[in-house]
2 protein chains.
Amino acid sequence: MKQEGRKQEIVNAAAILFKEKGYSAVTMRDLATAMGIKAASLYNHIQSKQEILSTIIIELAEEFTHGMNQIVDSDSSSIQKLENIISLHIDVTLRNADGLASLNNDWMHLEEDNLLYFEKMRQDYEDNFRQIVKKGVEMNEIKSNNIEIIVFSTLSTLRTLYLWYPKQKNIDANILKKDMIFVLLQGVV
Amino acid sequence: MKQEGRKQEIVNAAAILFKEKGYSAVTMRDLATAMGIKAASLYNHIQSKQEILSTIIIELAEEFTHGMNQIVDSDSSSIQKLENIISLHIDVTLRNADGLASLNNDWMHLEEDNLLYFEKMRQDYEDNFRQIVKKGVEMNEIKSNNIEIIVFSTLSTLRTLYLWYPKQKNIDANILKKDMIFVLLQGVV
DNA sequence: CAACAAAACTAACAATTGTTAGTTTCATAC
DNA sequence: GTATGAAACTAACAATTGTTAGTTTTGTTG
């Protein structure tokens, strides 16, 4: 709790600011002010502004990747897998809604290595998603004319959860999951 | 065609750059390079960087507001109105996908007056949307447990169209409308 | 060709950016 | 009470930012 404490505090504060104005518009002085210290003092805990961004994004992306891999490897039905994906998104969103803003809007400001790493994870994630839907259609679990639109509209909604969820007060995670599954899969099943 | 020609070219080029890196990360020198001129030369045609952003966003927001007002004032059924909203989003997206990136991601960088104006338009738009769904539920046209989730998930998908549509090749607007209406309303009706 | 306006240019500005170097503060351990 | 390490500070840097002023180029019109 104290080990990585100060760095994590900075990263958390940064995530909030990045969510409000975006990575590029937030200065190290803004961040320092939010932390109640001077800009130079931040560098006792972090290496660079870029490191803050990559810490936020890569950690989250790996969380999604790991969750998706578990779902893919399971032998659930396609519908069950889609439900688990929805559940995964809700879990991650409730745990770190601020960070998801950076993942969604500021990933392009990652530098070379992390950018490539992130883009690969995102591509794989989408491919896995698409494969699950495709399999579901083949197995007659999912009825659909247009797989691409299903994938796109579902992912759009899940990715935007981070904006919507904080505006709902005291919403229970399990009720939210049930409702989201109902709305997103009703037109599909 | 020539009057506002050069300014519109700049605005269009800016919209593409803003889409790629966001408003704050695009410099006037970036924009000038994209136009094949020097940064200072831009100011023969525009007043400020901020003016470019507000031109892009306010124009689009008014387009949505106008379209929504027409739909609200019509005496169509609730379902018909939802279909018209979907159609509106697709029309605007096909016409100006680049600008929609700024509207979605950089509206918070508008300054005071335009910011308030934009926020009001967005709020009204959402309220109108919500009212239409609510009315549909009351009239038993729409079956739903959770109006908020319907509004949120539908709007999320429509707002993200600008990212998805350019990746589909040669997609016909009318086919897209039909498919989107099918996917978005199937679970609702 | 002369005149004129549109649109480009060069040069520079004041402010802000991320970051570094070197120093001071302060609590804890010996 | 002195030593240690973490974490703050002051001061400054080189680069980049949006923008302005003043000048030159370009193309069209009489």
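A: Helices are DSSP runs (H or I, at least four residues), as strands are (E, at least two), numbered from the N terminus. By that contact rule, Phe129(B), Arg130(B), Val133(B), Lys134(B) and Val137(B) of H7(B) meet Ile147(B), Ile150(B), Val151(B) and Leu155(B) of H8(B). This is a predicted model, in which local features need pLDDT of at least 70 and side-chain atom pairs count only at pLDDT 80 or more, while totals for chains, interfaces and linings use all residues. Residues are numbered from 1 along each chain as its sequence is written, and chains are lettered from A and ligands numbered from 1 in the order in which they are written.

Q: What classes of residue make up the contact of H7(B) with H8(B)?
A: The contact divides into 7 nonpolar, no polar and 2 charged residues. Ala, Val, Leu, Ile, Met, Phe, Trp, Tyr, Cys and Pro count as nonpolar, Asp, Glu, Lys and Arg as charged, and the others, Gly among them, as polar.

Q: Why is H7(B) called oblique to H8(B)?
A: Their axes come within 10 Å and cross at roughly 130°. Axes are lines fitted to C-alpha atoms, for helices over the stretch in contact, and angles run from 0 to 180 degrees between N-to-C directions. Angles under 35 degrees count as roughly parallel, over 145 as roughly antiparallel, 65 to 115 as roughly perpendicular and the rest as oblique. The pair H7(B) and H8(B) is therefore oblique.

Q: What makes H5(B) and H7(B) roughly antiparallel?
A: Helix H5 (residues 78-95) and helix H7 (residues 112-138) of chain B pack at about 150°, with axes 9 Å apart. H5(B) and H7(B) are therefore roughly antiparallel to each other. From H5(B), Ser78(B), Ile79(B), Lys81(B), Leu82(B) and Ile85(B) take part, and from H7(B), Phe129(B), Ile132(B), Lys135(B) and Gly136(B). By class this contact has 5 nonpolar, 2 polar and 2 charged residues.

Q: Why is the relation of chain A to chain B that of a two-fold axis?
A: A rotation of 180° with 0.0 Å of shift along its axis superposes chain A on chain B, with RMSD 0.0 Å. That is the relation of a two-fold axis. The superposition is by least squares on the C-alpha atoms of residues with pLDDT of at least 70 in both copies. The same surface serves both copies, since 100% of the contact residues of chain A recur in chain B.

Q: How many residues are in contact between the two chains?
A: In chain A, 24 residues are in contact with 24 residues of chain B. H7(A) gives the most to the side of chain A that touches chain B, with 8 residues.

Methods:
Two residues are in contact if their C-beta atoms, placed from the backbone, lie within 7 Å.
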